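Here are my notes on the model, point by point. Please read them with the coordinates open.

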Amino acid sequence: MSNNLSYWEYKTWLSNIDYTIVGSGIVGLSCALGLRKRFPKAKILVLERGILPQGASTKNAGFACFGSISEILADIKTSSEWDVQQLVHRRWRGIQLLRTMLGDDNLNFLNYGGHEVFLKTQESVFHHCLDNLNEINQLLEPVFKALPFSVQPNRFNFAKIQPQYITHAFESQIDTGKMMSSLVHLAHKQNIILFNGITVKEFVDHNTHVEVRTDHFEMITKKLCIATNGFASQLLHEDVVPARAQVLITKPIAKLPIKGTFHLDEGYYYFRNVGNRLLFGGGRNLDFEGEKTMNFGQTKRIQQRLEFLLSDVILPDTPFEIDQRWSGIMGTGREKRPIVKQFTNHVYCGVRLGGMGIALGSLVGKEMAELL
């Protein structure tokens, strides 16, 4: 095996590896921490392609959400009510696990509630959601131990929308930078080795071990866990399709009245306050095929639509300036249920979080660790 490493480097960091995890996002680090709890003396290595978690864990909007009412109704069209209830329950359990693992202060967890906003042109969708509000509340009451959805007036004075929102009382917001920093800190404290800037090119599962080839070295590990979500198709043949999400954030806005998380146009757009800034993302429904990409970046069409909705609907009477733009890569597929499975004898995966990585990530990582 050819490695551009010294004897000392290889002996210290890359020999006698028990578990290697590919991806240092929420799933990967939660898996590593779950493995450490089960196997206190194991040598655990995490490989990350970026200088920071590269996919969506630090590039998302920071929504601790479980599905807006229009999304729930859309899911029921393709799945049973039982399946939808169980998926929401997993999202709820995942958030509670994350809060327990890190603590609310390390997440900057704020339960301001989440609101679905309907444009004037979406009157039929709005009334469909109103007509089914009681039914969905009854379906989800066993999950939240209370009725999650209620109708609220347009108290934030958005323009060109229906006169009411449909609010989810339990939806919250977090600071994903603080979350990932806390997970990394916890992993270091638990003697988990983290390598950044390492891309796994391929692996071969042998009878007794897995051979892993990266862009910097080759190594052997007893078990391999794939937690790369939107990039999973580079290593696995599973139903995982990359989905780019474009996001922007404004400069501070004096006396910004908006507080909470918001869904617009059946969840394809989402916005929230970050202190006195406004974060806004989405628009991949404008170009589904074009946004099925692993390339980071922005497109003129989607960015123009985001800016138009900001000025025309969300902040109609408030001047603002864009401060930053970025994108993240989610993992989607034909189903919304995550894939947590044994792929080969010594290879496992936890992928396809469907844009719900904050809610599902810690639970999927824990479940993958429990498979081994």
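1. G114 and its contacts. G114 touches I166, T167, H168, E171 and T261, not counting residues up to four places away in sequence. Contact here means heavy atoms within 4.5 Å. G114 is found in strand 4. Helices (H or I, at least four residues) and strands (E, at least two) are DSSP runs, numbered from the N terminus. G114 is buried, with a relative accessible area of 2%. The cut-offs are under 20% relative accessible area for buried and over 50% for exposed, with partly exposed in between (1.4 Å probe, protein chains only). In sequence G114 and G260 are 146 residues apart, yet their C-alpha atoms are 5.9 Å apart in space.

2. Basis of the values. This is a predicted model, in which local features need pLDDT of at least 70 and side-chain atom pairs count only at pLDDT 80 or more, while totals for chains, interfaces and linings use all residues. Residues are numbered from 1 along each chain as its sequence is written, and side-chain values use heavy atoms, with hydrogens and water left out.

3. The cavity. How many cavities of 30 Å³ or more does the rule give? The count is 1. A cavity is a set of points, on a 1 Å grid over the protein atoms alone, where a 1.4 Å probe fits but cannot get out; lining residues have an atom within 4 Å of a point. Grid points are joined across faces, edges and corners, and a volume is the space filled by probe spheres set on the points. The largest cavity holds about 40 Å³ of space. Its lining includes G114, H115, E116, I166, T167, H168 and H263. Strand 4 (114-117) and strand 6 each supply at least two residues of that lining.

4. 8 strands form an open sheet with mixed pairing, in the order 5-6-4-13-14-15-12-16. Two strands pair if DSSP finds at least two bridges between them. Strand 5 (149-153) and strand 16 stand at the edges with a single partner strand each, so one side of each has no neighbour in the sheet. From one strand to the next, the twist averages 25°. Within the sheet, strand 14 (residues 269-274) and strand 15 (residues 277-282) run antiparallel and are joined by 6 bridges. R272 stands opposite L279 in strand 15.

5. A helix across the sheet. Helix 6 (residues 133-144) lies across strand 5 and strand 6 (164-168). It runs at about 125° to strand 5. Axes are lines fitted to C-alpha atoms, for helices over the stretch in contact, and angles run from 0 to 180 degrees between N-to-C directions.

6. S327 sits in strand 16 (residues 322-332). Is S327 buried or exposed? S327 is buried, at 4% relative accessible area. Its side chain reaches the backbone nitrogen of G297 at 2.8 Å. Beyond its neighbours within four places in sequence, S327 contacts K59, R244, A245, Q246, F296, G297 and Q298.

7. The second largest pocket. This pocket holds about 440 Å³ of space. A pocket is an open set of grid points with protein on both sides within 12 Å along at least five of seven lines. Of the 22 residues that line the second largest pocket, T58, D175, T176, G177 and W326 are the closest to its centre. Helix 7 (176-189), strand 14 and strand 16 each give two or more residues to the lining. Strand 14 gives the largest share, 3 residues.

8. Pairing around strand 11. Strand 1 (residues 17-22) pairs with strand 11 (residues 218-226) in the parallel sense over 5 bridges. Y19 has K223 as its bridge partner in strand 11. Strand 10 (residues 210-214) pairs with strand 11 in the antiparallel sense over 4 bridges. A hairpin through 3 residues joins strand 10 to strand 11. Strand 11 and strand 18 (residues 347-351) run parallel, joined by 3 bridges. I226 has C349 as its bridge partner in strand 18.

9. W92. W92 lies in helix 4 (residues 81-102). W92 is buried, with a relative accessible area of 19%. Not counting residues up to four places away in sequence, W92 touches F66, V143, F144 and F170.

Methods:
A polar contact is a pair of N or O atoms within 3.5 Å; within protein, one must be able to donate a hydrogen and the other to accept it, and residues adjacent in sequence count only if both atoms are side-chain atoms.
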